[in-house]
Amino acid sequence: MGKASRDKRDIYYRKAKEEGWRARSAFKLLQIDEEFNIFEGVKRVVDLCAAPGSWSQVLSRKLYLPAKLSQDSRDDDPPLIVAIDLQPMAPIEGVIQVQGDITNAQTAEVVIRHFDGCKADLVVCDGAPDVTGLHDMDEFVQSQLILALKLFFPVVTFAKPRSSRNSSIEAFAVCENYSPPQGFNPKDLHRLLEKAGSPSGMDDLDCSSGWLEGPNKVYIPFLACGDLSGYDSDRSYPLPKVGEGTYQSLDPVQPPIAPPYKRALEMKKASNHGIRELEKLSLDS
Ligand code: SAM
């Protein structure tokens, strides 16, 4: 598919390039903020699974750049934004990058060190648990995730931003008012989940409101967000005409600098080259 037809088919893809976002996902975070005001009063933030960096760009534009420009905040420390991904990403003003696996304790230690003893006000994450295709297993992993959220946050809402296609089951969990169980030790997380996941364990935990009968069953409110009279990610819009009346498609703002598919392309190129050499040899003999 050509760039122009993709621009026409996906308005958020086009608008991301027009507004200088590295990925259309930027609009998802912006629309979640419109509904939940997640950036209010935030000074320290962690962006998990951040590459290629459009959410980090939103954080930089919403938190770091205004503070840098503001006269009043000259004496304050600037907002601290730490972004983590397995992949490296091109620099973003005001964003500290950590390359690592978010499930690895060593990565967590590096992030914690950046916060110098302070806690983060906001954690955003655009990763999801890998699906195995074994439906029972996948459902179990998802329900453990929801259970974990409900144990730590009294207010959990699933949000579907307008820029997330209806044709995709993607949704984002917005978790508010972090309040871990009393005496919580992060090393005990698995034990805690096992306890909450068993019917007898549920009485001991103060997370009963909203629970249904049986383990892992809980109602989570689901909310559409983003301006509902605005752009629909499942619709095609006409391309705007510029200059002589033709539309000029824009290049991506920042292509990934070391995408996982790069090695696959190199291998494919090498194997095509090998096949051509073999063909040449067989023609010569
Ligand atoms: N929010 C990003 C943006 O706006 O540009 C897009 C994130 S992309 C959908 C998901 C990212 O998750 C990928 O860059 C991938 O490398 C990263 N990822 C997946 N598993 C990870 C892990 N265990 N640790 C760190 N990053 C991970």
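This is a predicted model: local features need pLDDT of at least 70, side-chain atom pairs count only at pLDDT 80 or more; totals for chains, interfaces and linings use all residues.
Helices, at least four residues of H or I, and strands, at least two of E, are taken here as DSSP runs and numbered from the N terminus.

I begin with the ligand. Helix α4, residues 54-69, and strand β2, residues 80-85, each contribute at least two residues to the shell around it. That shell comprises 19 residues, among which Ser 25, Cys 49, Ala 51, Ser 54 and Asp 126 come nearest to the ligand. Sorted by class, nine are nonpolar, six are polar and four are charged.

I turn next to the interior. In soluble globular proteins, nonpolar side chains tend to be buried together. The largest nonpolar core in this model has 33 residues, and the most contacts inside it belong to Ala 26, Leu 29, Trp 55, Leu 59, Ile 81 and Val 82. At least two residues of this core come from each of α2 (11-19), α3, β1 (44-48), α4, β2 and β6. As for Leu 59, its contacts beyond four places in sequence are Val 45, Asp 47, Tyr 64, Ile 81 and Val 95.

Finally, the sheet. Three strands, ordered β6-β5-β7, make up an open sheet with mixed pairing. Its edges are β6, residues 172-176, and β7, residues 222-225, each of which pairs on one side only. On average, neighbouring strands are turned by 35° against each other, direction ignored. Strand β5, residues 155-161, runs antiparallel to β6 and is joined to it by five bridges; Thr 157 lies opposite Val 174 of β6. Helix α3, residues 26-36, packs on this sheet and touches β5, β6 and β7, its direction making about 130° with that of β5.

Conventions: Residues are numbered from 1 along each chain as its sequence is written. Two strands pair if DSSP finds at least two bridges between them. Axes are lines fitted to C-alpha atoms, for helices over the stretch in contact, and angles run from 0 to 180 degrees between N-to-C directions. Two residues are in contact if their C-beta atoms, placed from the backbone, lie within 7 Å. A residue is near a molecule or strand if its C-beta atom, placed from the backbone, lies within 6 Å of it. Ala, Val, Leu, Ile, Met, Phe, Trp, Tyr, Cys and Pro count as nonpolar, Asp, Glu, Lys and Arg as charged, and the others, Gly among them, as polar. A nonpolar core is a set of buried Ala, Val, Leu, Ile, Met, Phe, Trp, Tyr and Cys residues joined through C-beta atoms within 7 Å. A residue is buried if 20 or more other C-beta atoms lie within 10 Å of its own, exposed if 12 or fewer, and partly exposed in between; C-beta atoms are placed from the backbone.
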